[in-house]
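Please keep the sequence and the structure in view while reading.

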Amino acid sequence: MDTLIFPGIFGAAVRAFFTRKEVGVDAEKISRLLSVRKGSLYLPQQKHTDRVYLLDGDFSPVVADAVVTRQRGVLIGVQVADCVPVLLHDTKHTVIGVVHAGWRGTAAQIVQKTIAVMVTQCGSLQENVVMALGPSIRGSCYEVGAEVKEAVYRATGEGEYYVRRGEKYFIDLASVNMLQAMSAGIPAKNIWISGDCTHCNPEHYYSFRFSGECNGSQGGFIGIF
């Protein structure tokens, strides 16, 4: 199994990929594999917020769970260990975005807010945005309480992204974020979604639910060079 996943939905103009645990978010390994400067990588300080940071020359660390930029030569990324890493690219403009979507960010519609920043502040049109959702905990592997299900449901509406078994709920966060992106105007044909479940593949992905502790993370990265 390769250490990097390159979604086919992105064209040659952009470098967009998800890592497995062999690479994780190690800047040295990423810079060597992609032949990019280590200093070109930018990761926000993730706190499960709904904040979208518009990166425009200031590489100072900020608290955010999504980053949008129009800068070339910058590889923006997020780190995850079950949550959904999301990559976005406006194919008509030099605009890219990356999102860390856990259940809190999903309930706060962070993907929709990221798309809104691309549209209102960068001039993007939803029809020109392509999107990839990377490996994450999927379906029956992600049991949540009723309060989590309700928070996600209020933000998303009805859909086939959750099931109830007795008193238990199971949510597929990747499917939720795909639905939210579509409701924000991204065409379904513009969305790629990984079939890998982090919980089911602990040999290749870090999974908080599987291990019960934060022992590492993989990531999603995108840049235009």
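The axis of a helix is a line fitted to its C-alpha atoms over the stretch in contact, and the angle between two axes runs from 0 to 180 degrees between their N-to-C directions. The model discussed here is predicted.

**Helix α5 and its neighbours**

With that definition, the axes of helix α3 (residues 110-122) and α5 come within 8 Å and cross at roughly 35 degrees. This crossing of α3 and α5 is right-handed. On the α3 side, the residues in contact are Val 111, Gln 112 and Ile 115; on the α5 side, they are Asn 177, Gln 180, Ala 181 and Ser 183. Sorted by class, the contact of α3 with α5 holds three nonpolar and four polar residues, with no charged ones.

Helix α5 (residues 173-183) also packs against helix α4 (residues 146-156), at an angle of about 20 degrees and with the axes 10 Å apart. Angles under 35 degrees count as roughly parallel, so α4 is roughly parallel to α5. The crossing of α4 and α5 is left-handed. Here Val 152, Ala 155 and Thr 156 of α4 meet Val 176, Leu 179 and Gln 180 of α5. The residues of this contact of α4 with α5 divide into four nonpolar, two polar and no charged.

Which residues of α5 are buried? In α5 they are Leu 173, Ala 174, Ser 175, Val 176, Asn 177, Gln 180 and Ala 181. Two of these names, Asn 177 and Gln 180, belong to the contact with α3, and Val 176 belongs to the contact with α4. After α5 comes Gly 185, which has a positive phi, near 110 degrees.

**Strands and their pairing**

An open sheet is built from five strands in the order β1-β2-β14-β6-β3, and its pairing is mixed. β1 (4-5) and β3 (41-42) stand at the edges with a single partner strand each, so one side of each has no neighbour in the sheet. Helix α1 (residues 27-34) lies across β1, β2 (15-19), β3, β6 and β14, and runs at about 135 degrees to β2.

| Strands | Bridges | Facing residues |
|---|---|---|
| β6 (residues 75-80) and β14 (residues 218-223) | six bridges | Gly 77 and Phe 221 |
| β10 (residues 143-144) and β12 (residues 168-171) | two bridges | Val 144 and Tyr 169 |
| β11 (residues 162-165) and β12 | four bridges | Tyr 162 and Ile 171 |

β11 and β12 form a hairpin with two residues between the strands, where Gly 166 takes a positive phi near 65 degrees.

**A residue in a loop**

Asn 128 lies in the loop between α3 and β9 (129-133). Is Asn 128 buried or exposed? Its relative accessibility is 13%, and buried means under 20%, so Asn 128 counts as buried. Leaving out residues up to four places away in sequence, Asn 128 touches His 89, Asp 90, Thr 91 and Lys 92.

Note on methods
Residues are numbered from 1 along each chain as its sequence is written. This is a predicted model: local features need pLDDT of at least 70, side-chain atom pairs count only at pLDDT 80 or more; totals for chains, interfaces and linings use all residues. Side-chain values use heavy atoms; hydrogens and water are left out. Angles under 35 degrees count as roughly parallel, over 145 as roughly antiparallel, 65 to 115 as roughly perpendicular and the rest as oblique. A crossing is left-handed if the near helix is turned anticlockwise from the far one by less than a right angle, and right-handed if clockwise. Contact means heavy atoms within 4.5 Å. Ala, Val, Leu, Ile, Met, Phe, Trp, Tyr, Cys and Pro count as nonpolar, Asp, Glu, Lys and Arg as charged, and the others, Gly among them, as polar. Buried means under 20% relative accessible area, exposed over 50%, partly exposed in between (1.4 Å probe, protein chains only). Two strands pair if DSSP finds at least two bridges between them.
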